[in-house]
Amino acid sequence: MTYQRPSFRHPELPLNELGYRKKDYEGSLSTLCAGCGHDSISAALIQACFELNIEPHKLAKLSGIGCSSKTPTYFLGNSHGFNSVHGRMPSVATGANLANRDLMYLGVSGDGDTASIGMGQFVHLIRRNLNITYIVMNNGCYGLTKGQDSATADKGSKSKAGSVNPFQNIDLAGLAIELGAGFVARSFSGDKLQLIPLIKAALAHPGFAFIDVISPCVTFNNNVGSTKSYDYVRHHIDATATFDFVPLAKEITTHYSAGSTQEVKMHDGSYLKFNKLQKDWDPTKKETAVHAMHKANEAGEILTGLIYINEDSKDLHQILNTNSRPLNQLTETDLCPGIHKLEEINKSLC
Amino acid sequence: MLPHPIINDFVIRFANVNGTGSASANNMFAKAIFRMGIPVTPKNIFPSNIQGLPTWYEVRVNEKFYLGRREGIDIMLSVNPQSMLQDIKDVKPGGYFIYDNSKPLHKEYIREDIHYIGIPLTEITTKEYSDPRQRMLFKNIIYVGALSALIDMEMSVLQALVEEQFKGKEKLIAPNHHALDLGSQFIKNNYKYPLEFRLERRNLLQNKILFEGNAACALGAIYGGATVAAWYPITPSTSVVDAFSDYASELRVDEKTGANNYAIVQAEDELAAMGMVIGAMWNGARAFTATSGPGVSLMQEFLGLAYFAEIPAVLIDVQRTGPSTGMPTRTQQSDILISAYASHGDTKQVLLIPNAPDECFEFSALSFDLAEQLQTPVIILSDLDLGMNDHVSNPMKWNDRKYKRGKVLTKDQLDKIQRYGRYLDTDGDGIAYRTIPGTHPTKGSFFTRGSSRDEYAIYTEDGNAYKRNMDRLSKKWETIKTYVPKPELFQKENQSKFGMVFFGTSHYSALEAKDYLNADGISLDAMRIRSFPFTKEVVDFIESHEFIFVVEQNRDAQMRTLLINELEINPKKLIRILNYDGMPITAEHIKREIKQSLNVDHLQMAEMQHG
């Protein structure tokens, strides 16, 4: 590269509680197209991790293949990352999580990576309830291969070249709720105020947390007639609620008008506060969440916000009853039964 | 004239219907021979089916330790009418056909050149038992009892095995003892016994075990410190993870908390299984998967990523005949090339090839050390014959040792390094230093990707950086040659201009053939390959012989191709000795093929030697 991100920062920029600056959560310079929605999501991730006081090395970021999956280089440069195989990030994340349950896991994927080549692994990840925050940067097209429709492109959406998508779209958020995911949200890369608390809440959720982020592709899918363009999304957003994530033992700083709020307490003591905009919708009740999504679909609206949350589910480690000490920290003493046991086994085979 | 007794040297085959409980009776039969100290080789020949189809169990007895399969059936014990006609044809002239004569045999079933021994198994079980399931199960025990009289098997050994099998269910001991007696008494009352094919106690196996390769691999993984097992069910590898699960639930549960020091995930497919292994080992745990050929095909992309990104992984491939809808329950050594060069791009993979259960254990445990030290996948090539059949083996060996985790930097080490480079060859052996996520807040992290990065794991598409990395991987490949197990040589000094090379389960049949050829005046030196890349010893052996017979169990002579390709050997020097009918290779076959090729090629070889 011939250019670099300037390393200079204002000396009086605030530190978080762990003493890290926001810079410590940044990554290398993005090589995506100028104006790409994905860069806004990266910025939201940086902000969320900075505000949540996450130790950078206590989070691992994993991705598949595609524009979205390149982004983990652009944030959390002090965290290990893994750009794996197209559509197979969920399995790599599963192995990584099994090895060390003490880290936080962030899975970054795209609509092609998840809804097509990786659909099998995506649904099984939900089935196992891996403790991971899974973000799909959803632009409805294949950017790196120059703009082919993806499986999340809406039926009737027009491509830059003018062709109309004749196929049903796959709604990943709806699918995730149906499969039993305990945290399902949808957001828009251009709505930082909603996206940052959603990311924080997802990271705090003790199981599979899914955020489908509509993230326009400025180069291949930002034309008139596309349902994933900036203009279209801005005009059709129907937020479920204004929403705030309140970390463990923190003062509530956001103020809501009395009578319209709903609180959801999370396992670690944090809680979520909703200022509800819709009647008949309760984010802790699956049926009402699904109903709200269907209603928005019929009205041609895009429902965003935290759509569904269920804190009462066992994650994969609980299901498998693994040691609370991470498996990657066990040594010979814990793992090897030793010579005498082997002699006993040999004897039993005589 | 009474036939001359043939002591401890015969083959008996049981023709059963699968799903009728015959397996445990047959295993008891083989184990009794083992307990009498006589080398024995049992083999299951079974269909890809759960209930109702023919299945066979073949037991070779041979006190000279010829443990490979032998052609020709001396005694056929038939309880399956479905396969009876063929089973009768398979008996060697002069052999015995033992059958249920509750109904008389049709005349087309009668051969003049074999003996028939009828036992009214159905009649006896109908009289003795009212429950149909008991009739089915005890029929198996009764025929074992009958055989004990016919071949002089020690009844006390059988009785002891019954007692061990039903420890904790003592009520079942007496009825099983009774069933053994029913069979034995019937023979004693109705036939001259024993037959000329008979057993005689030898006590040759005091220091041996009888064990199957898959369970030995699983136990090796336990000893080697594997904590994550991810897999997808596929014959013939399934019993590796089944056994791992059994051993882990006994040996890997925290005494205080009851929590598991392991995690087993049945993945959605083999791709996911390999992805999980790579994710776990990238994150510092020891992980493995077990599969067979179709699974290795599906894992190709991940194996390539692991090769380039230098992530340890352990794969146990229990080979079977191809393809996916092939004969999944028959054995072969046909994944050599797909494993050695697994994936796209320039890739080479480390192979370990065990020949017996003790080596399955050793290599399985070793594979985790090698994978971490060499930072690359290690593939263990077993096969169905080794994995799913019991084998007489040396006991498994272990010396309590620290695991060799390879070059992994700690927090303190990172603090002392000015600039960490994940792919920087600081030691000159082509192997760079790894860091495990979570080690250090500000140092040592990097973004793992296949290529398009430099020594510091910084993104670049510079062709020179790519080439430098590939050259370093070639250097690492040379280093690997000094780590992998050396071949086994069967002579102190070379005796012949002819050499014989074999690997895995061809071991016993190859050595047996070598003895036969030697008796016929053809002397051969022998070498068993145990790993890939080929070490210097392999090169030396091949270079010091004029002609080499490469014995293997596949059609395309894959090991021969690998030798030619890697060592740039004149193809004419390596002669194919192949077996690929799905049955384990036999010494007779090897001897026949070598003799034939010596006759055919004799003139040509002579010409080459002089020219």
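Q: What is the orientation of helix 3 of chain B and helix 4 of chain B to each other?
A: In this predicted model, local features need pLDDT of at least 70, side-chain atom pairs count only at pLDDT 80 or more, and totals for chains, interfaces and linings use all residues. The axes (lines fitted to C-alpha atoms, for helices over the stretch in contact, with angles from 0 to 180 degrees between N-to-C directions) of helix 3 (residues 121–128) and helix 4 (residues 132–150) of chain B come within 9 Å and cross at roughly 125 degrees. Angles under 35 degrees count as roughly parallel, over 145 as roughly antiparallel, 65 to 115 as roughly perpendicular and the rest as oblique. Helix 3 and helix 4 of chain B are therefore oblique.

Q: Which residues of helix 3 of chain B make the contact with helix 4 of chain B?
A: Residues are numbered from 1 along each chain as its sequence is written, while chains are lettered from A and ligands numbered from 1 in the order in which they are written. Two residues are in contact if their C-beta atoms, placed from the backbone, lie within 7 Å. Helix 4 of chain B contributes B:Arg135, B:Phe138, B:Lys139, B:Ile142 and B:Tyr143, and helix 3 of chain B contributes B:Leu121, B:Ile124, B:Thr125 and B:Thr126.

Q: Which helix of chain B gives the largest share of the side that touches chain A?
A: The contact between the chains takes 50 residues from chain A and 55 residues from chain B. Several elements of chain B each supply at least two residues, among them helix 7 (213–223), helix 9 (270–282) and helix 11 (300–309). The largest share, nine residues, comes from helix 9.

Q: What is the bridge partner of A:Gly81 in strand 17 of chain B?
A: Strands are DSSP runs (E, at least two residues) and helices likewise (H or I, at least four), numbered from the N terminus; two strands pair if DSSP finds at least two bridges between them. Strand 2 (residues 81–83) of chain A and strand 17 of chain B run parallel and are joined by two bridges. In strand 17 of chain B, A:Gly81 is partnered by B:Phe447.

Q: Which strands of chain B stand at the edges, with a single partner strand each?
A: Six strands of chain B form an open sheet in the order 3-4-2-5-6-7, with mixed pairing. One side of each edge strand is left without a neighbour in the sheet, because each has a single partner strand; these are strand 3 (40–45) and strand 7 (115–119).

Q: What is the bridge partner of B:Ile75 in strand 6 of chain B?
A: Strand 5 (residues 73–78) and strand 6 (residues 91–100) of chain B pair in the parallel sense over five bridges. In strand 6, B:Ile75 is partnered by B:Tyr96.
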